[in-house]
Amino acid sequence: MTRSACRAAAVALSLLLAGCGAAPDPVRPADAGGPVARGDPVARGVGQLRRLVVLPVAYTPGDCEWPDAAPRLDQAAVLFLRDWKGYEVVRPPRADSALRLARDLAEWQRTAGAGASPPAALRNPLTGLARDLAGDGVLLIRAAPACAGTAAKALTAIASVVGSKDATLEAAAFEAGSGAPVWRSAIRPALWEGAQPPSGPSAYAMQRAIEEVFQPMENAVPAVLKPAARQKEHP
Amino acid sequence: MYTASGSRISPAAALLACALLAACGPRPDPAAPAATYQPREPASEIERVPARRLERAAELPALPVSVVVRSAAGPELGPVDRSREKTVEEKRTLEGAGAIATALAAAAPPLYAGTIALGSLLVPAATGLELYARRDQNTIVRTLQEVDLPGQLRSALVRRAAPPPPDTAPATVAITIRTFGLAPRSGTCPTCAICVVADAELVVTQDGTELLRDPLLLTPWRRSVDAPPPVCATMTEFAERDGRLLRDAILETAQVLAAMTVSRLPAVAWTD
């Protein structure tokens, strides 16, 4: 093979790798404008949404046999958001309809561009749910672990090394009033490779993945700086 | 001469390209049944320390106060939350880190000079990652020295304290910052999260009588009930944009300590 042919092949391979399900850039929290809460010295984006309605985890098992992945992810997310990020977590009362909404949102988000707002068919139930639960925002978690064979796993590892962002765990926050996305994070947890569920006494791989996906999320505005800012009538 | 025709590309390259395409992975089937579960509230691992309040009888006027803020020491980098040092291994790690930090301090005084006590956060510098971590550490040390937490706290409280009427001896609200700085959330590694922490004591006295003594705790695993989680990030994240995140976190800590103080002292005359 000539050098030019080698170059062409290399370019083609690079394009293939770069095109492997590249996720859109995360939505940046608002960085401009002054603080909202009194005494809060930090200009916040998603952190202004103190009270988050957390939808059930939209889990797509694919080839993976991880029977309890969704509840473990859910537990880890609620714990991390509450204890380490300062958000007040509320749950939809009807888990079945909330799960349907989560799955529809996740499916839409998979193909939506960065910063795109959900269509009315998704936005209306989303904002309605937030309104009913007096939430400042709605949080979606999508998990679609890839459990492939050994050869494909190796190639996936190569793809991850060269920067492909074929995310298997995503989280997104939507503002309650408008349904607009205000924050998004997408990762491919390194420990999520294999046909068996990540195991261990503390479900370390699940917890670690959740911490990794939520670590970039700013802390919620402290309650002590925002006392009763969004007191609403509960249904 | 070879040409770049398909027949000239080796089978191995073609196979690799096909495999890469396959590795992009089949998109998950959206119609696949989703796992259902009953959401539960996970138990917290954080120790919550109760907070006391200084109440005022309805018939009494609000208490005018003067504000004093003291700092027991300079900012610290290290494990201030001793409650997490549960195992012998952990203690050994932390002690080892301290020893390493001491050695580094002797070797590189410009970086480690000043009032900053060193702890396990300097482990990365001792494990062959000096070049990677040194610039971040410099930014962090400088930011900790530049942002005056006691001064910010005092300003916030003085702003909110109503001026005492003439001929009145005000009570004293004194806050002593016992510990302030950065501490690891759990483990110590170059990419592990470290948190902005503060441990202070609030004392209210009037005419030599102590009316209230209460801790204000903002540490990773032991916090006052009215304290938010500490701001945690990696060393690199704290150092980015000339230490902006760290600067914001320290300013927020000052405002939070002030707000906790005000909310615990309803007997005091505040401006709002």
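**Close-up views of a predicted two-chain model**

**View 1. Contacts and secondary structure of chain A.** Among contacts in chain A between residues at least 6 apart in sequence, 74% join residues at least 24 apart; two residues are in contact if their C-beta atoms, placed from the backbone, lie within 7 Å. The model is predicted, with local features needing pLDDT of at least 70 and side-chain atom pairs counted only at pLDDT 80 or more, whereas totals for chains, interfaces and linings use all residues. Residues are numbered from 1 along each chain as its sequence is written, and chains are lettered from A and ligands numbered from 1 in the order in which they are written. Chain A contains 6 helices and 6 strands, arranged from the N terminus as α-β-β-α-β-α-α-β-α-β-β-α. Helices (H or I, at least four residues) and strands (E, at least two) are DSSP runs, numbered from the N terminus.

View 2. A nonpolar core is a set of buried Ala, Val, Leu, Ile, Met, Phe, Trp, Tyr and Cys residues joined through C-beta atoms within 7 Å. The largest such core has 110 residues, of which L73(A), A77(A), V138(A), L139(A) and L140(A) touch the most other members. Helix α7 (residues 235-264) of chain B supplies the largest share of this core, 13 residues. Beyond its neighbours within four places in sequence, L139(A) contacts L52(A), V53(A), V54(A), L55(A), A171(A) and A173(A).

**View 3. Helix α4 of chain A and its surroundings.** The 13 residues of α4(A) (residues 120-132) reach 18 Å from first C-alpha to last, close to the 18 Å expected at 1.5 Å a residue, where the expected span is 1.5 Å times one less than the number of residues. Its buried residues are L126(A), T127(A), L129(A) and A130(A). Seen down the axis of α4(A), these fall within an arc of 155°, so they line one face of the helix; the arc is that of the directions from the helix axis to the C-beta atoms. Their cover includes β1 (51-54), α3 (95-111), β4 (137-143) and β5 (169-175) of chain A. On the other side of α4(A), A120(A), A121(A) and N124(A) are exposed. Just after α4(A), A134(A) adopts a positive phi of about 55°.

View 4. Strands β5 (residues 194-206) and β6 (residues 209-218) of chain B run antiparallel and are joined by 9 bridges; two strands pair if DSSP finds at least two bridges between them. T205(B) stands opposite E210(B) in β6(B). The hairpin has 2 residues between its strands, and D207(B) in the turn has a positive phi of about 50°.

Definitions and conventions:
Buried ≥ 20, exposed ≤ 12 C-beta atoms within 10 Å, placed from the backbone.
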